[in-house]
Amino acid sequence: MFKKILLAVAVALPLSAMAQKFGVVDIEAVFTAMPEYTAMQTQLQETSKKYEDEFMKLQEEVNKLYADYQTLEKDASTPDAIKERRLQEVQDRYAKVQQFRETAQQDISRQEQQLSTPIQQKLTDAIKAVGAEGGFSFIMPKDGLLLYQGNDVVDVTPQIRTKLGI
């Protein structure tokens, strides 16, 4: 009896695997073709430009402070205490500029994450919908770790683009 069940499972397993339908999708191509992605990129570029403009202003201030310090450094009549205070001022301002740069990069990364999450969710929903409509067991990234792709794997990228209206 046990041998019959084992034999039935051994026969049924390959048959069930053959009945499965596999798909692949070029996620990056679809993601970057979405209009929401373009809008996200535009918004990120605008934010980045504002930060860059502010950074340049701060950098100019540091350069001016440093030039003033160099002028004082060359003047033998200026007391050392004043020179040290000016040097400390330049160093403090430079540290603040570097802190601003780090904060700006973190803010841009956070904004990119916030903006891309709904786009990624929309793409995921479209992939799930195409998978359900097409009766696919699996849809995998086209550029993922696929060691072998047989003839029975379908590229569903066009269907997903259609589902997203792109």
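Helix 4 counts 55 residues and spans 79 Å from its first C-alpha to its last, close to the 81 Å expected at 1.5 Å a residue (the expected span being 1.5 Å times one less than the number of residues). This is a predicted model, in which local features need pLDDT of at least 70 and side-chain atom pairs count only at pLDDT 80 or more, while totals for chains, interfaces and linings use all residues. Residues are numbered from 1 along each chain as its sequence is written. Helices (H or I, at least four residues) and strands (E, at least two) are DSSP runs, numbered from the N terminus.

**Helix 4 and its partner**
- After helix 4 comes Gly 135, which has a positive phi near 70 degrees.
- Helix 3 (residues 35-74) packs against helix 4 (residues 80-134) at an angle of about 175 degrees, with their axes 9 Å apart.
- That makes the two helices, helix 3 and helix 4, roughly antiparallel (a term for angles over 145 degrees).

- Three strands form an open sheet in the order 2-1-3, with parallel pairing (two strands pair if DSSP finds at least two bridges between them).
- Strand 2 (138-141) and strand 3 (153-155) stand at the edges with a single partner strand each, so one side of each has no neighbour in the sheet.
- Strand 1 (residues 22-25) pairs with strand 2 in the parallel sense over 4 bridges, and Phe 22 stands opposite Phe 138 in strand 2.

Note on methods:
Heavy atoms only, no water. Axes fitted to C-alpha atoms, helices over the stretch in contact; angles between N-to-C directions. Parallel < 35°, antiparallel > 145°, perpendicular 65-115°, else oblique.
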